[in-house]
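I opened the model today and kept notes as I went. The entries follow the order in which I looked things up.

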Amino acid sequence: MPIVQVEDLRKSFGPLEVLKGVSLTVERGQVVALLGRSGSGKSTLLRCLNGLEQIKSGRIEIAGHKMSYSAAALRDLRKDVGIVFQSFNLFPHMSVLQNVALAPRLSKGLQKSEAEGIALEMLSKVGLLEKQGAYPDQLSGGQQQRVAIARSLAMQPKVMLFDEVTSSLDPELTQEVLVVMERLAADGMTMLLVTHEMEFARKVATTTVFMHQGLVHEAGSSNAIFAEPQTKEFRQFLGNAA
Amino acid sequence: MIRDFGLQEFWFLITATRWTLVLTIAASILGGILGLIVALARVSVFPWLRATAAAYITVVQGIPALILLFLSYYGLSKAGYDLSPIVAASISLSIYASGYLGDIWRGAIQSVPLQQWEASTSLALTRGQQYRHIILPQSIRIALPPTVGFLVQLVKNTSVVSIVGVVELARSGQLINNATFQPFRVFIVVATIYFAICYPLSVASKHFEVKFNAYRAS
């Protein structure tokens with residue numbers, strides 16, 4: 001059974017319809033790259049998947065949760081679906097270790113020592129064990145984003161969402177974040193990522209979805225779709241990106 | 001008989017200062033608790049609660065502390081609650097403080113970036129947990145300088161309660177002056193005592209401001 005199922009999803013901001021009937025299926029362990037121009041609805045789709053945006057109509061089922069907007073249902077869903085943002089959004093008044101250990105302790109009710117054990121494990125996964133005592137403003141952007149990934153992983157989610165996580169980083173720092181994500185993909189994590197990193201999509205994503213004007217315009221295995229883009233819009237998009 | 005302003009009179013002012021401090025502390029604590037409730041209501045997810053809190057802030061800020069005092073002293077006594085002047089004074093100053101502190105803290109809460117809410121929501125925290133662990137700790141930094149600044153105003157505004165018979169610092173100065181007719185001597189001493197209370201608070205407020213800005217700049 002697929003781990004993510006989206007059917008005929010529609011979402012509007014006021015009079016503007018951003019998603020116009022999107023359907024998408026993701027199997028466990030797949031890495032799905034969502035591509036498209038700005039305004040194509042890819043980030044909105046991602047934010048709908050963990051309930052940050054409420055949909056107008058359609059159906060979302062993710063990590064065994066049918067989307068429903070009660071506070072309790074959303075919390076249950078978010079224990080299984082992690083998200084990482086473009087702007088890191090670490091908690092500036094907490095150390096790196098506190099940032100990562102907070103949610104396991106509060107949301108999952110683990111003991112402090114247990115939560116910190118998980119946090120340290122995740123920090124070593126992103127290669128930042130030695131920064132556990134630092135505060136976010138003492139870290140580079142790339143390091144902050146790796147902490148944000150560790151923070152999300154500490155919830156031991158079944159699906160990870162990445163919303164343009166390297167867009168505010170320079171190329172060198174982008175690389176260190178992509179390396180972490182590639183390792184995560186190799187470990188079998190189910191991932192959906194909105195990205196502008198074509199090379200990463202081509203190499204790491206098992207599936208690529210090209211969105212255009214609020215719809216899935218073209219989708220398929222990354223190998224096939226990059227080698228032979230079927231639609232004019234996707235060809236243009238790849239041409240501009242290259 | 002006209003007395004001279006001596007040690008005994010000075011001591012009288014000092015003991016009266018006790019009530020100025022008691023009123024300030026009572027209004028800070030009660031007004032602070034009420035103000036926090038008002039601030040949280042003002043940013044609540046329920047529109048009716050937000051509107052109620054906004055109305056409360058507008059009304060309290062639009063009424064002189066003196067009228068709040070008359071309402072709680074004369075008004076409540078007429079309604080059958082016979083309050084001692086000091087209790088009525090504490091209640092009215094607490095309401096007065098809550099209107100301002102509520103607004104200061106509302107601003108501080110709202111100045112925490114929306115992304116902090118999104119990040120903590122996405123980690124499955126409850127709204128209460130978000131406030132306690134993410135939003136309020138960051139708001140406090142922002143709120144500290146204006147809060148301490150307001151407390152300076154509060155110390156000085158406790159003088160209005162002399163009108164219902166509480167012998168605090170201002171009223172005791174008036175009494176001593178009536179007995180000594182040495183207004184300059186008496187009121188300069190009164191002013192000095194007020195200054196001695198307020199100045200350290202002002203310094204603390206400045207200190208917090210600098211510290212906060214330094215934190216932001218780093």
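**Entry 1. What I am looking at**

I am working with a predicted model. I keep that in mind for every entry below.

**Entry 2. The six-stranded sheet of chain A**

I began with the sheet that holds six strands. I read its order as 6-7-8-3-9-10 in chain A, and the sheet is open. Its pairing is mixed. I then looked for the edges. They are strand 6 (81-84) and strand 10 (215-221) of chain A, and each of these pairs on one side only. I also noted the twist, which averages 15 degrees from one strand to the next.

How many residues of strand 3 of chain A are buried? I checked residues 31-36 and found six of six buried. I looked at each face in turn. Val31(A), Ala33(A) and Leu35(A) cover one side, and they are buried.

Next I traced the pairing. Strand 3 of chain A runs parallel to strand 8 (residues 190-194) of chain A, with four bridges between them. In that pair, Val31(A) has Met191(A) as its bridge partner. Strand 9 of chain A is also a parallel partner of strand 3 of chain A, this time over five bridges. There I found Gly36(A) opposite Met211(A).

**Entry 3. The four-stranded sheet of chain A**

I turned to the other sheet in my notes. This open sheet has four strands in the order 2-1-4-5 of chain A, and the pairing is antiparallel. Why is one side of strand 2 and of strand 5 of chain A left without a neighbour in the sheet? Strand 2 (16-26) and strand 5 (65-66) of chain A stand at the edges and have a single partner strand each, so one side of each stays without a neighbour.

I checked one pair in detail. Strand 1 (residues 4-13) and strand 4 (residues 57-62) of chain A run antiparallel and are joined by five bridges. Glu7(A) stands opposite Arg59(A) of strand 4.

**Entry 4. Two residues with positive phi**

I wanted some background first. Most residues other than glycine have a negative phi. Asn89(A) has a positive phi of about 55 degrees, though it is not a glycine. I placed Asn89(A) in the loop between strand 6 and helix 3 (96-106) of chain A. Is Asn89(A) buried or exposed? Asn89(A) counts as buried because it has 23 C-beta neighbours inside 10 Å.

Glu164(A) also turned up, with a positive phi near 50 degrees. Glu164(A) sits in the loop between strand 7 (159-163) and helix 6 (171-186) of chain A. I counted 20 other C-beta atoms within 10 Å of Glu164(A), so this residue is buried.

**Entry 5. Chain B as a whole**

I moved to chain B. It has eight helices and zero strands. Its C-alpha atoms fill a box of roughly 75 × 50 × 25 Å along the principal axes. Of its 218 residues, 36% count as buried. I also looked at contacts with a separation of 6 or more: residues 24 or more positions apart account for 77% of them in chain B.

**Entry 6. A helix pair in chain B**

I picked helix 1 (residues 7-42) and helix 6 (residues 127-157) of chain B. They pack at about 135 degrees, with axes 9 Å apart. That angle makes helix 1 of chain B oblique to helix 6 of chain B. The crossing of the two is right-handed.

Which residues meet there? Thr20(B), Thr24(B), Ala27(B) and Ser28(B) of helix 1 meet Leu151(B), Leu154(B) and Val155(B) of helix 6.

**Entry 7. Where the chains touch**

I finished with the contact between chains. 15 residues of chain B are in contact with 18 residues of chain A. On the chain B side, helix 5 (114-122) and helix 6 of chain B are the elements that give two or more residues. By class, that side has six nonpolar, eight polar and one charged residues.

Notes:
Residues are numbered from 1 along each chain as its sequence is written. Chains are lettered from A and ligands numbered from 1 in the order in which they are written. This is a predicted model: local features need pLDDT of at least 70, side-chain atom pairs count only at pLDDT 80 or more; totals for chains, interfaces and linings use all residues. Two strands pair if DSSP finds at least two bridges between them. Axes are lines fitted to C-alpha atoms, for helices over the stretch in contact, and angles run from 0 to 180 degrees between N-to-C directions. Angles under 35 degrees count as roughly parallel, over 145 as roughly antiparallel, 65 to 115 as roughly perpendicular and the rest as oblique. A crossing is left-handed if the near helix is turned anticlockwise from the far one by less than a right angle, and right-handed if clockwise. Two residues are in contact if their C-beta atoms, placed from the backbone, lie within 7 Å. Ala, Val, Leu, Ile, Met, Phe, Trp, Tyr, Cys and Pro count as nonpolar, Asp, Glu, Lys and Arg as charged, and the others, Gly among them, as polar. A residue is buried if 20 or more other C-beta atoms lie within 10 Å of its own, exposed if 12 or fewer, and partly exposed in between; C-beta atoms are placed from the backbone.
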